[in-house]
Amino acid sequence: MGVIQTSDSDTASSDAAFCAEIREWLAENLAGEFADLRGTGGPGREHEFFDERLAWDRHLAKAGWTCLGWPVEHGGRGASVRQQVIFHEEYARADAPARVSHVGEELLGPTLLAFGTEEQKQRFLPGVRSVDELWCQGYSEPGAGSDLAAVSTTARLDGDKWVINGQKIWTSLAHVADWCFVIARTERGSTRHHGLSYLLVPMNQPGIEVRPIEQLTGTSEFNEVFFGNAVTDADLVVGEPGDGWRIAMGTLTFERGISTLGQQIRFARELSDVEALARRTGAADDPLIAHRLDRAWVGLKVLRAHALRTMSEGDVGGASVSKLLWANWHRDLGELAMAVQGATGLILGPDDMTAWQRLYLFSRADTIYGGSNEVQRNIIAERVLGLPREARP
């Protein structure tokens, strides 16, 4: 018997059925107790209905809609890249609430699947999939910013424990996380990307203090995290001690993966709302505003084309280009929204700032968090184009 080939028509039919399945499920389930969650949460709005969105994430998990691309033996569906793209786009089109479990599902989970031991997978993946354990990311530091190789947080092995000291900053959702994956310097005297390790650290312990950072929007989803003799088990290092740079780069690649296509659907909705606002206010008749709206539309198409082109490449350079593209696009959209409003955009309402004001203020951070523009350009220049390294002290 010959090998049965799957035709393009079979794939298209399977994808169409999968699309219909998730669309129908979302329509049926974003109702009742979850009906008011549409459009809630996300960057700058993580405080909205947090407990309810956590319940929604667990509802998704029970129905098998979390960790779609994970292998079946680890609780996933083994979904293809095409099906994962379909899910994220349909999820965004349904205006479903922003996920509270993104860091665990999209970052830590794939990292453990790629680099973790079997014991680590068995210990942590079930809690990520069921959304019973939430994660945060311990990368940035006050003295290093987005330059991950400049971290100074240390960890020393003391018997069967790592003892961790130092500080992380801009740690999203650390105040609600159960665990944190931490990049720490475990080799005394090491510099730059040498001597780093990737540790899995429990947050609920006396050696960790979390201090919220109030943003321009008045919300506090970012945090400072202080480690003062915090501990974690000796076997909770992903990869080998000293191999943390390679593992961390793998996580960054996962961070800018398939879920960004869902992000682009939300961006498209924001752009559509700005266009509608421009028509209502008459700003669309201004040739300069009309030109900026057109450029925003073209930019969104570029984001999608780049994401689809690099989806299977898994290179840090492509991820850095993606971050540069969407961060600048979204920041510019915030500025465009303010320009469309004109002087009225400067007036603060009696109760709270408007959605446009929040968009403008929070999007100022887009080019900083998750790796600043400057660092992304250095990565592209040095690691992709092969240009000489930037002079460093």
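The following legends describe close-up views of a predicted model.

Local features require pLDDT of at least 70 and side-chain atom pairs count only at pLDDT 80 or more, whereas totals for chains, interfaces and linings use all residues. Residues are numbered from 1 along each chain as its sequence is written, and side-chain values use heavy atoms, with hydrogens and water left out.

**View 1. The largest nonpolar core and another core apart from it.** A nonpolar core is a set of buried Ala, Val, Leu, Ile, Met, Phe, Trp, Tyr and Cys residues joined through side-chain atoms within 4.5 Å. Buried denotes under 20% relative accessible area, exposed over 50%, and partly exposed the range in between (1.4 Å probe, protein chains only). The largest core comprises 25 residues. Those with the most contacts inside this core are Leu 108, Trp 135, Tyr 139, Phe 181, Ile 183, Tyr 198 and Leu 200. Two or more residues are given to this core by each of helix H4 (102–115), helix H5 (118–130), strand E4 (179–185), strand E5 (196–202) and helix H6 (244–255). Helices (H or I, at least four residues) and strands (E, at least two) are DSSP runs, numbered from the N terminus. Another core, of 20 residues, lies apart from the largest one and includes Ala 296, Leu 303, Ala 337 and Trp 356.

**View 2. The cysteines Cys 136 and Cys 180.** The structure contains zero disulfides, a disulfide being a pair of cysteine sulfur atoms within 2.5 Å. The sulfur of Cys 136 has its closest cysteine sulfur in Cys 180, at 3.6 Å, which is too far for a bond. Cys 136 is buried at 0% relative accessibility, and Cys 180 is buried with a relative accessible area of 1%.

**View 3. Antiparallel pairing of strands E2, E3, E6 and E7.** Two strands pair if DSSP finds at least two bridges between them. Strand E2 (residues 154–158) and strand E3 (residues 161–168) are antiparallel, with five bridges, and Asp 158 stands opposite Lys 161 in E3. These two strands form a hairpin with two residues between them, and Gly 159 in the turn has a positive phi of about 70°. E3 also pairs with strand E7 (residues 222–233) in the antiparallel sense, over eight bridges. Within E7, Phe 227 is the bridge partner of Gly 166, and Asp 233 stands opposite Lys 161. Strand E6 (residues 208–213) is joined to E7 by six bridges in the antiparallel sense, with Pro 212 opposite Asn 223.

**View 4. Positive phi at Phe 49 and Asp 95.** Phe 49 is not a glycine, yet has a positive phi of about 50°. Phe 49 lies in the loop between helix H1 (8–29) and helix H2 (50–62) and is partly exposed, at 41% relative accessibility. Asp 95, likewise a residue other than glycine, has a positive phi near 60°. Asp 95 is placed in the loop between helix H3 (81–93) and H4, and is partly exposed with a relative accessible area of 25%.

**View 5. A nonpolar surface patch that includes Val 302.** Trp 297, Val 298 and Val 302 make a nonpolar patch of about 280 Å². Patches consist of residues with over 30% relative accessible area and no salt bridge, like charges being joined within 9 Å and nonpolar side chains (Val, Leu, Ile, Met, Phe, Trp, Tyr) within 5 Å. A salt bridge is a side-chain nitrogen of Lys or Arg within 4 Å of a carboxyl oxygen of Asp or Glu. Accessible areas come from the Shrake-Rupley method with a 1.4 Å probe; for residues, only the protein chains shown count as cover. Val 302 belongs to helix H8 (residues 287–310) and is partly exposed, with a relative accessible area of 41%.
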